[in-house]
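Subject: Structure for you to look at, with notes

Dear colleague,

I am passing on a structure that I would like you to look through. Please open it first, and then read the notes that I have put below it.

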Amino acid sequence: MLQALTEKGEPSLTDLLDTKFLPFTETYRFAAPSEDNGVIVIQNIPYETTRGEIIALLGRSSRILNDRQEPVHIIMDRVTSKTQDAYCELSSLNAAIELVERFKKGAENGRVGRLGNRVVDIELSSQTSLMLALFPTSRYGVEWIGTHPHIVTDAQHPWENFKGFFTEEEMVMLSKHVENVQRSLYSKKCPERPYECMISTLRKIPWYMADDITIKQRHSVYETCLKMIGTLVGKLERRIRDNAEAERLTPQLLQRLATSAMLCPGFSVVQKHNIATVAGLSEAQSREFNQPRFPDSWRHQWTLVPKAGMPIDVLEWYISLIRTETERVVQSLEISQRMPLQGMMEGVDGYWGLFWAEVNFPTGPTFDNMSLAKCSQLEWQAIERIITRAIKGGDIPPSYTTSGSNHITSAATAGPARLTYKEY
């Protein structure tokens, strides 16, 4: 593909901005869930019920979704960690209807469904009910139509307007249930439940609604997920050293959580790199999740990721173009403007050049509350400006100067450009 792009010498601007060649994308835009999946709900379950027991109850012929799609959602109250109902996604509505009818006929013949010693009820449900159960704080401000949320902003009362699909407090409590198990009554007896709750959360958040998810909200999910993976890794290592029985916290649970995090369409390249590092994934394993080479160098790309299937030489050719052009701009500045930039670059990886100066993100609360969609727009605009200037020339953007930048001051002669979340 790179040969096709450069076979006539310097590529034209039209070719460079053609989506056929551009190697970047926003994964969340293509994350709209399927509406074809059927849903059943299992009520009156024991709070220590396991995922395996639910799958065994439904049987091999139940046509539930593939394991990699995480079809079982055991609902947990994120504040108390108490187990509620269990939902299961099937391949179609007809599959769900057939399953419910099979259990009804079995009950009529005296073969009731049981989990442990408890009789459970299996009923037909819907994606709407599942989303409401997974995201109870969205009950005000969101009208769920299947998996698709309709955002309410003009309700009669302010508290009925949309504020988010989840709250930061919910994420904080979720991590506390795994960090302080002894203080959490239900997590103590069912320690895997908070991890499974995070798996379902990662899978079902409507990331494609990027206009309605902020940088700060995404960070709360990411930070909680990263902490939980680190906690689980530590617990598994201690059990290996102590030669203790794995019980309910298993390497398979870690693999499921890490896989869900690496497949999450809302996380950035660097966030996934941090997750892979904490989870102990090798570079080859990370590449299976579409991670690029040098993923830790993508620290100022908050939404854009490599396009799946794009040859690595094309990806790195574009990054080289961006690096070369932004560095050329800096060298063209007079020394009083150049020195602050070069001082800040001492702490910043130069793989992407001065992309951060070009995109000129806002800082502080303005950045925190910016939507993922707006962030993506700024990144695309910066890439288009850089490529256009590299081919056609143009004026130096004001974001490279102390008067037009959100990050540079005349006193900034050392230290990297920072926004809010340093761990990114």
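This is a predicted model: local features need pLDDT of at least 70, side-chain atom pairs count only at pLDDT 80 or more; totals for chains, interfaces and linings use all residues.

Residues are numbered from 1 along each chain as its sequence is written, and side-chain values use heavy atoms, with hydrogens and water left out.

The sheet is an open one of four strands, in the order β3-β4-β2-β7 and with antiparallel pairing; strands here are DSSP runs of E of at least two residues and helices are runs of H or I of at least four, both numbered from the N terminus, and two strands pair if DSSP finds at least two bridges between them. At the edges are β3 (72–76) and β7 (121–124), each of which pairs on one side only, and from one strand to the next the twist averages 25°. Strand β2 (residues 38–43) runs antiparallel to β7 and is joined to it by four bridges, with Q43 standing opposite D121 in β7. Four bridges also join β3 to β4, again antiparallel, and here M76 stands opposite T83 in β4. The hairpin of β3 and β4 has six residues between the strands, and within it S81 takes a positive phi near 70°.

Although β3 is an edge strand, five of its five residues are buried, where buried means under 20% relative accessible area with a 1.4 Å probe, protein chains only. Both faces are covered, with V72, I74 and M76 on one side and H73 and I75 on the other.

Helix α5 (residues 127–134) lies across β2, β3 and β4 (83–90), running at about 140° to β4, whereas α8 lies across β3 and β4 at about 115° to β3; axes are lines fitted to C-alpha atoms, for helices over the stretch in contact, and angles run from 0 to 180 degrees between N-to-C directions.

K204 belongs to helix α8 (residues 193–204) and, at 10% relative accessibility, counts as buried. Its side chain makes a polar contact of 3.4 Å with that of Q127, the term being used for a pair of N or O atoms within 3.5 Å, one able to donate a hydrogen and the other to accept it, with residues adjacent in sequence counted only if both atoms are side-chain atoms. Beyond its neighbours within four places in sequence, K204 is in contact with residues including H73, E89, L130 and T147.

Elsewhere, α13 and helix α17 (residues 372–392) pack at an angle of about 75° with their axes 9 Å apart, and they are therefore roughly perpendicular, a description that covers 65 to 115 degrees. Among the residues that meet there are Y318, L321 and I322 in α13 and I383, I386 and I387 in α17. Helix α14 (residues 335–345) has buried residues that include Q337, R338 and L341, and what covers its buried residues includes α13 (312–331) and α15 (355–359).

Lastly, in helix α3 (residues 51–58) the buried residues are R51, I54, L57 and L58. Seen down the axis of α3, they fall within an arc of 125°, so they line one face of the helix, the arc being that of the directions from the helix axis to the C-beta atoms. Just after α3, G59 takes a positive phi of about 90°.

With best wishes

Key
Buried means under 20% relative accessible area, exposed over 50%, partly exposed in between (1.4 Å probe, protein chains only). Contact means heavy atoms within 4.5 Å. Angles under 35 degrees count as roughly parallel, over 145 as roughly antiparallel, 65 to 115 as roughly perpendicular and the rest as oblique.
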